[in-house]
Amino acid sequence: MPKAVFNAASVQFAIKLGDVDANLSYVLSEIKRLSKQQARLIVLPEMWNTGYAWRKLGKLSERTPEILEELKKASKKGTVIIGSMPEKDEGDIYNTAYVIDSGKLIGKYRKIHLFAPMKEDYFLKAGSEPLLCNTSLGKIGVLICYDVRFPELARKLTLEGAEMLVVPAEWPHPRLDHWRTILKTRAIENQLFVIAANRCGKQGMVRFCGNSMIVNPWGEVIAETGEKEKTITAEIDLSLVAKYRKEMPALKGRRPGAY
């Protein structure tokens, strides 16, 4: 049976561009620390092991299978780790979020909506399949960064049973207000938890806004960082999903035939 109440963590840090070893060392250290604190869901940023090292992604992506093995070893029983890394498949590179549960890889999601202003559509291939994972903690839908701007995807995952949405991201300034507003909106309109892990720091002229967040099904921010490196944790009580959906039965009131 999934655990109804548990602690979730969002790991925000300044990704070192192309430095897989440094990024991996930081993440493994945080996972170890969080595991001692009984965190059961650990969300990492988008492309957390490489950053957008565009010209090197082909080579760097070759280390992804090795890193997955490291994360499997770091995942304790009942612990779910989710974050995205470059995945190489038949010459194409995808921005792929991996779901590891109790040491096993149980799902992966290739980012569907690629962000043209950051040249994602030039260097990466888009995915085409949403992912809802039935984990030891509950049903988790996975989005990556720009995906949150497309409410249809979040709603599809909700209708399929999602109780949580996790969002690894590299969301830059000057769109901090959009980030905060959209995450709260996705929680409110779908009446579920949103756990988002953004990166912070700079890459060239781009400054990333941090502000990783954990939002409850009522749209309340129950944990949030600023713009510096920081890991946040919050209690996730999945009974609140059913509670709020009963009190405000908006999902049952849908009339898809009219729209």
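At 23% relative accessibility, R180 counts as partly exposed (between buried, under 20% relative accessible area, and exposed, over 50%, with a 1.4 Å probe and protein chains only). Its side chain meets that of E224 in a salt bridge, 2.6 Å from N to O (a side-chain nitrogen of Lys or Arg within 4 Å of a carboxyl oxygen of Asp or Glu). R180 belongs to helix 6 (residues 176-190) and E224 to strand 13 (residues 221-224), so the pair ties together parts 44 residues apart in sequence. Helices (H or I, at least four residues) and strands (E, at least two) are DSSP runs, numbered from the N terminus.

A word on the source: this is a predicted model, where local features need pLDDT of at least 70 and side-chain atom pairs count only at pLDDT 80 or more, while totals for chains, interfaces and linings use all residues. Residues are numbered from 1 along each chain as its sequence is written, and side-chain values use heavy atoms, leaving out hydrogens and water.

The whole structure holds 18 salt bridges, including these:

| Pair | Closest N and O atoms |
|---|---|
| K72 and E69 | 3.1 Å |
| K156 and E160 | 3.0 Å |

K72 and E69 sit 3 residues apart in helix 3 (residues 64-74), which means about one helical turn separates them. Shared partners also link E87, D89, K108 and R110 into one network of salt bridges.

R110 turns up in the sheet too: in strand 5, R110 is the bridge partner of T96.

How values were computed:
Pairing = 2+ DSSP bridges.
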